[in-house]
Amino acid sequence: MRRALISDFGGVLTSPLYEGLPAYQEEFGVSLEALGRAMALATEQHGDHPLFALERGEISEIEFRARIEPHLDEGFDLTRLRTVYFERLEPNAVMIDFIREVRLRGVRTALLTNNAREWEPLWRSKLPEIDELFEVVVDSAFVGMRKPEPAIYELTMERLGVRGDQCVFVDDLEPNCATARALGMVAVHFERPEQAVAELRAALAQ
Ligand SMILES: [Mg+2]
């Protein structure tokens, strides 16, 4: 019997991440391509992807910006981008109601998020009921590892006190789902709230 649910945050418990992206381009006059190029150049220069290092808590947001901004046109403000991004992120009521429902039925619940330390107040404010929904919260930036590294899934299972074959996992990124499957979980690749809820219901009934 699958008796635990491990959920991603961004793009699963919120509006889809890509919905905010065109706004970046409008407000800052910087294309996603330029941002991607700057990240690639920073990766070459420092030997690690700046976002991955930020998410593992290895660098601060200030250092993250210092690595990227030299590769972007003058005047671009990454902090402003983050503020606008979080302002536009909306909670996903369908998923939140579903997690509340299964928690009341006795399913063990954990949130497993790749995030930045400095963003914690921002993302937590989008989900004030977080401690009601989740027994365990694992934030990459505070544990020094990130999805899809197996160790962060193992830590989450250990904190929940469950095995992989007892878990159902949901994430909007397929590589994150692949690790979950390799660890024995049933993984649901989130595409739309109704699709994900139907697949999660079926998986939790197994
Ligand atoms: Mg996500």
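Ile-6 touches Ala-110, Leu-112, Thr-156, Cys-167 and Phe-169, leaving aside residues up to four places away in sequence; contact here means that the C-beta atoms of two residues, placed from the backbone, lie within 7 Å. This is a predicted model, in which local features need pLDDT of at least 70 and side-chain atom pairs count only at pLDDT 80 or more, while totals for chains, interfaces and linings use all residues. Residues are numbered from 1 along each chain as its sequence is written.

Is Ile-6 buried or exposed? Ile-6 counts as buried because it has 26 C-beta neighbours inside 10 Å. The term buried asks for 20 or more other C-beta atoms within 10 Å of a residue's own, exposed for 12 or fewer, and partly exposed covers what lies in between, with C-beta atoms placed from the backbone. Ile-6 has its place in strand E1. Strands (E, at least two residues) and helices (H or I, at least four) are DSSP runs, numbered from the N terminus.

Let's stay with strand E1, residues 4-7, for a moment. Both of its faces are covered, with Ala-4 and Ile-6 buried on one side and Leu-5 and Ser-7 buried on the other. In a regular strand the side chains alternate between the two faces of the sheet.

Now for the neighbours of E1. Four bridges join E1 to strand E2 (residues 108-113), and the two run parallel; here Ala-4 stands opposite Arg-108 in E2. Four bridges also join E1 to E4, again in parallel, and Ser-7 has Val-170 of E4 as its bridge partner. Strands count as paired if DSSP finds at least two bridges between them.

Stepping back, we find five strands in an open sheet with parallel pairing, in the order E3-E2-E1-E4-E5. At the edges are strand E3 (136-139) and strand E5 (186-189), each of which pairs on one side only. On average, neighbouring strands of this sheet are turned by 20° against each other, direction ignored. Strand E4 (residues 167-171) runs parallel to E5 and is joined to it by four bridges; one of the pairs is Val-168 with its partner Val-186 in E5. Helix H11 (residues 174-182) packs on the sheet, touching E4 and E5, and its direction makes about 170° with that of E5. Axes are lines fitted to C-alpha atoms, for helices over the stretch in contact, and angles run from 0 to 180 degrees between N-to-C directions.

Val-168 also leads us into the largest nonpolar core, of 35 residues, where Val-168, Phe-169 and Leu-200 touch the most other members. Such a core is a set of buried Ala, Val, Leu, Ile, Met, Phe, Trp, Tyr and Cys residues joined through C-beta atoms within 7 Å. Apart from this core lies another, of 11 residues, including Ala-42, Ala-53, Leu-54 and Ile-68.

How is the chain divided into domains? Domain 1 takes in 4-16 + 90-204 and domain 2 takes in 18-88, with bounds that come from an automatic or database domain assignment. Their centres, taken over C-alpha atoms, are separated by 25 Å. Where they meet, 14 residues of domain 1 are in contact with nine residues of domain 2. Helix H9 (residues 140-143) gives the most to the domain 1 side, with three residues.
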